[in-house]
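Below is a short briefing on charged and aromatic side chains. Please read it alongside the sequence and the model.

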Amino acid sequence: MAEFGFNEQHQNEVINYMRFARSKRVLRLKTIDSCFEELKDSRLVEETFTVDEVKEMLDGLQVVVRGEVEMELINTAHTNVLLLRQLFSQAEKFYLRLQSDISELENRDMLEQVAEFEKTDFKTPDKKNQETSKPKLAPLNEGGVSELLNKEIARLQEENDKLKTRLRTLESQATSALDDRSKAERALKDLQKVQGEQQFAARSQEIGSLEDTVAALKVDYEKSLSANSVSHKSLQENLISAKHDLLRVQEQLSLAEKELDKKFQQTAAYRNMKEILTKKNEQIKEIRKRLQRYEPSE
């Protein structure tokens, strides 16, 4: 049956169906022949018949033959529906949708090929014996379905392994991003600590210098006070002026500290560190979103 494009298994299925249909057809033809034989044996017992009698016999035979033929056609249609049911049921198990072209059922060329194939298949008397000696094919709902299900399970398992590998990769990337973020935060804290220590040392040195100056002024004041009471007023004024200078310097130091903090925030190192932290935070947010897509819904 190369003209029909069947493989060996499907070819055998078609042959079995044609044999079934042929056996039903032969049985129905025998039934019709028996109707004629019964008419001959029961009614054709006289030598002459009137027109009405012949008409009555033919009408009765017509009813019987019509009933037999109609029953065979109905049974054939129902049998074909059951056959289609088997095929569609097997297809639906694998989510397939079969379609048929009804117009092809009246294709004369294909019908002639089927008739020729049937003649060839039933021409030799021992053909049937050869076919019956062959082992029966396994039903499609056993071997064929199991094989396809195993393939589908293997495919799903492979996809599951790929998803697990992808998930492990994303988890590793997330862990690496968190480590990078922690390192960047520690580096920023260390940098701020170093900058703060340097600023504190500079301020401490300036305050110490001013305190030394004030102490020296106090010593000079005391010396001047004991030496000359006239210069007491001048020394006192100098001491007050020095205190004012100390307060002014402390205020300037406070402003300088604020300015230094502002300049530090504008440095390239601070901006780079801030950009790194911003990028790492964005990467962590993106990875979390991607992880949520792969997590099973509860």
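E56 sits in helix 2 (residues 51-92); helices are DSSP runs of H or I with at least four residues, numbered from the N terminus. On the surface, E56 gathers with E46, D52, E53 and D59 in a patch of negative charge. This is a predicted model, in which local features need pLDDT of at least 70 and side-chain atom pairs count only at pLDDT 80 or more, while totals for chains, interfaces and linings use all residues. Residues are numbered from 1 along each chain as its sequence is written, and side-chain values use heavy atoms, with hydrogens and water left out.

**Charge patch**
- Patch members have over 30% relative accessible area and no salt bridge, and like charges are joined within 9 Å.
- Asp and Glu count as negative, with the charge placed at CG of Asp or CD of Glu.
- Accessible areas come from the Shrake-Rupley method with a 1.4 Å probe.

**Salt bridges**
- The whole structure has 7 salt bridges, each defined as a side-chain nitrogen of Lys or Arg within 4 Å of a carboxyl oxygen of Asp or Glu.
- One of them joins the side chains of R28 and E72 at 3.1 Å, N to O.
- This pair links distant parts of the chain, with R28 in helix 1 and E72 in helix 2, 44 residues apart.
- R28 is buried at 19% relative accessible area, and E72 is buried at 13%; buried means under 20%, exposed over 50%, and partly exposed in between.
- Another salt bridge joins K280 and D180 at 3.0 Å, N to O.
- K280 lies in helix 7 (residues 268-294) and D180 in helix 5 (residues 140-227), so this bridge ties together parts 100 residues apart in sequence.
- K280 is buried, at 16% relative accessible area, whereas D180 is partly exposed at 27%.
- Within helix 5, R181 and E185 are 4 residues apart, about one turn of the helix, and their side chains meet in a salt bridge of 3.2 Å, N to O.
- R181 is partly exposed at 28% relative accessibility, as is E185 at 32%.
- Salt bridges with shared partners join R28, E68 and E72 into one network.

**Aromatic pair**
- The structure holds 1 aromatic pair, where rings of Phe, Tyr and Trp (its six-membered ring) pair if their centres lie within 6.5 Å.
- The ring centres of Y17 and F20 are 6.5 Å apart and their planes meet at 40°, so the pair is tilted; planes under 30 degrees apart count as stacked, over 60 as edge-to-face and the rest as tilted.
- Y17 and F20 are 3 residues apart in helix 1 (residues 8-43), about one helical turn.
- Y17 is partly exposed at 28% relative accessibility, and F20 is partly exposed at 38% relative accessible area.

Key. Patch = residues over 30% accessible without salt bridge, like charges linked within 9 Å, V, L, I, M, F, W, Y side chains within 5 Å. Helix = DSSP H or I, 4+ residues; strand = E, 2+ residues; numbered from the N terminus. Buried < 20%, exposed > 50% of the residue type's maximum accessible area, 1.4 Å probe, protein only.
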